[in-house]
Amino acid sequence: MNLQLYFSPGACSFVPHVALEVAKAPFEPKLVKLHKKEQFAPEYLALNPSGQVPVLVIDGKPLTQIMAIVGFMVREFPQAGLLPADPWARAQAVSQLSWMNTTPHPTATRFFYPERYAESEGGRAEVKKRAAEEFRGYLERVQGMIAGAAPYWLGERISFHDAYAFTLLRWGGFAGIDPRAFPAYKAYAERVMQAPPVAAALARERISLDTYKG
Ligand SMILES: N[C@@H](CCC(=O)N[C@@H](CS)C(=O)NCC(=O)O)C(=O)O
């Protein structure tokens, strides 16, 4: 199977990126520079009309949406243990991922792109402030969710959840949220960063947790 991952450093594409590393699946990384608006180039829109990363191209066919990529990878790489085998535990794990994908994630979109939500400078500042406040509450909730992480969210193996949780904490820094306000979450993220599949993805994307400029 031929795989290509369209990703942008530090974006949510980190989630499938880490999972591909966990599965030891050979893939070609394809860099998309969001700050240069490459996601809106006609060739890219042909792959993903939403103009977003990630896109996983499987034997020439583009698959978009993190949750769809999760479903594909879990079935394609059963040996990677990306989700629990037990039906109830798996459903819970999918519920947690769906929550990250539909709740904190689009809140961050509001502080990353406030110009999409308000015309005036003042309006944009308000959008950003409100989104950051909301996001802080979601980080608290994630901190509660990872309370039993031993050592990772789902147990012994790194999965989508760890990559998403790391990404959300890292994004918080851009919204002025100091990760030190969440000591258990920060310690967990640092542990996750040491895991070889995560370390490999971090190195490829050249990112760290260090986004907060207090
Ligand atoms: N629902 C989509 C969300 C993807 C998304 O929000 N991607 C962001 C990066 S984290 C993006 O590409 N943003 C570029 C833009 O909005 O211009 C998914 O699950 O894949």
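A polar contact, as I use the term here, is a pair of N or O atoms within 3.5 Å. I keep that cut-off at hand while going through this model, which is a predicted one.

Entry 1: I started with Val53, where a polar backbone atom sits 2.8 Å from a nitrogen atom of the ligand. Next I checked Gln65: an N or O atom in its side chain is 2.7 Å from a ligand nitrogen. Then I went to Asn101, whose side chain has an N or O atom 2.9 Å from an oxygen atom of the ligand. How much of the ligand does the protein cover? On its own the ligand has 520 Å² of accessible area, and the protein covers 88% of that.

**Entry 2: the shell.** I listed 16 residues around the ligand, and the ones that come nearest are Cys12, Gln39, Val53, Gln65 and Arg116. Sorting the shell by class, I got nine nonpolar, six polar and one charged residues.

**Entry 3: the domains.** I looked up the domain assignment, and the protein chain has domain 1 (3-80) and domain 2 (87-205). Their C-alpha centres lie 19 Å apart. In the contact between them I found 25 residues from domain 1 and 24 residues from domain 2. Where does the ligand lie relative to domain 1 and domain 2? Both domains give residues to its shell, so the ligand lies between them.

Terms used
Residues numbered from 1 in each chain as written. Predicted model: local features only at pLDDT ≥ 70, side-chain atom pairs only at ≥ 80, totals over all residues. Heavy atoms only, no water. Near = heavy atom within 4 Å. Polar contact = N/O pair within 3.5 Å; in protein donor to acceptor, adjacent residues only side chain to side chain. Areas by Shrake-Rupley, 256 points an atom, 1.4 Å probe, with all protein chains shown as cover. Nonpolar A, V, L, I, M, F, W, Y, C, P; charged D, E, K, R; others polar. Domains from an automatic or database assignment. Contact = heavy atoms within 4.5 Å.
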